Amino acid sequence: RVFLTKTGLYPDIGTGALIVTAAGVAGAVVLYLAVQWTGHCRFLFARPDWAMIDRDGQRSLVAAR
């Protein structure tokens with residue numbers, strides 16, 4: 001964002017916001033695809049067992065207390 005502001009590559013703040021948002025989304029998608037392709041760091045995109053709300057009718061940890 002600072003780089004784009006300093007270089008003046010866009011005419012207004014809305015365009016800058018669009019570029020920054022698109023870069024953030026594209027970066028996340030690229031990271032996801034890299035993790036799927038390599039198989040490393042899959043924990044970044046997997047929900048942990050303790051955070052599951054309800055699985056196949058089983059009681060959750062919150063309801064068990």
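**Exercise 1.** Determine whether Cys 41 is buried, partly exposed or exposed, and describe its backbone.

*Solution.* Step 1: Cys 41 has a relative accessibility of 39%. Step 2: buried means under 20% relative accessible area, exposed over 50%, and partly exposed in between, with a 1.4 Å probe and protein chains only. Cys 41 therefore counts as partly exposed. Step 3: the phi of Cys 41 is positive, about 60 degrees, although the residue is not a glycine. Most residues other than glycine have a negative phi. Step 4: Cys 41 is located in the loop between α2 and α3.

The model is a predicted one, in which local features need pLDDT of at least 70, side-chain atom pairs count only at pLDDT 80 or more, and totals for chains, interfaces and linings use all residues. Residues are numbered from 1 along each chain as its sequence is written, and side-chain values use heavy atoms, with hydrogens and water left out.

**Exercise 2.** State how many helices and strands the protein chain has, and which element has the lowest mean pLDDT.

*Solution.* Step 1: helices (H or I, at least four residues) and strands (E, at least two) are DSSP runs, numbered from the N terminus. Step 2: the protein chain has three helices and zero strands, in the order α-α-α. Step 3: pLDDT is the predictor's confidence in each residue, from 0 to 100. Helix α3 (residues 61–64) has the lowest mean value, 51, whereas helix α2 (residues 13–38) has the highest, 91. Step 4: for the protein chain the mean pLDDT is 80, and 83% of residues reach 70 or more.

**Exercise 3.** Identify how many aromatic pairs a search of the whole structure finds, and classify the geometry of the rings of Tyr 32 and Phe 45.

*Solution.* Step 1: the search finds one aromatic pair. Step 2: the ring centres of Tyr 32 and Phe 45 are 5.1 Å apart and the planes stand at 85 degrees. Step 3: rings of Phe, Tyr and Trp (its six-membered ring) pair if their centres lie within 6.5 Å; planes under 30 degrees apart count as stacked, over 60 as edge-to-face and the rest as tilted. The pair is therefore edge-to-face. Step 4: Tyr 32 belongs to helix α2 and Phe 45 to the loop between α2 and α3, so the pair ties together parts 13 residues apart in sequence. Step 5: Tyr 32 is partly exposed at 37% relative accessibility, and Phe 45 is partly exposed at 38%.
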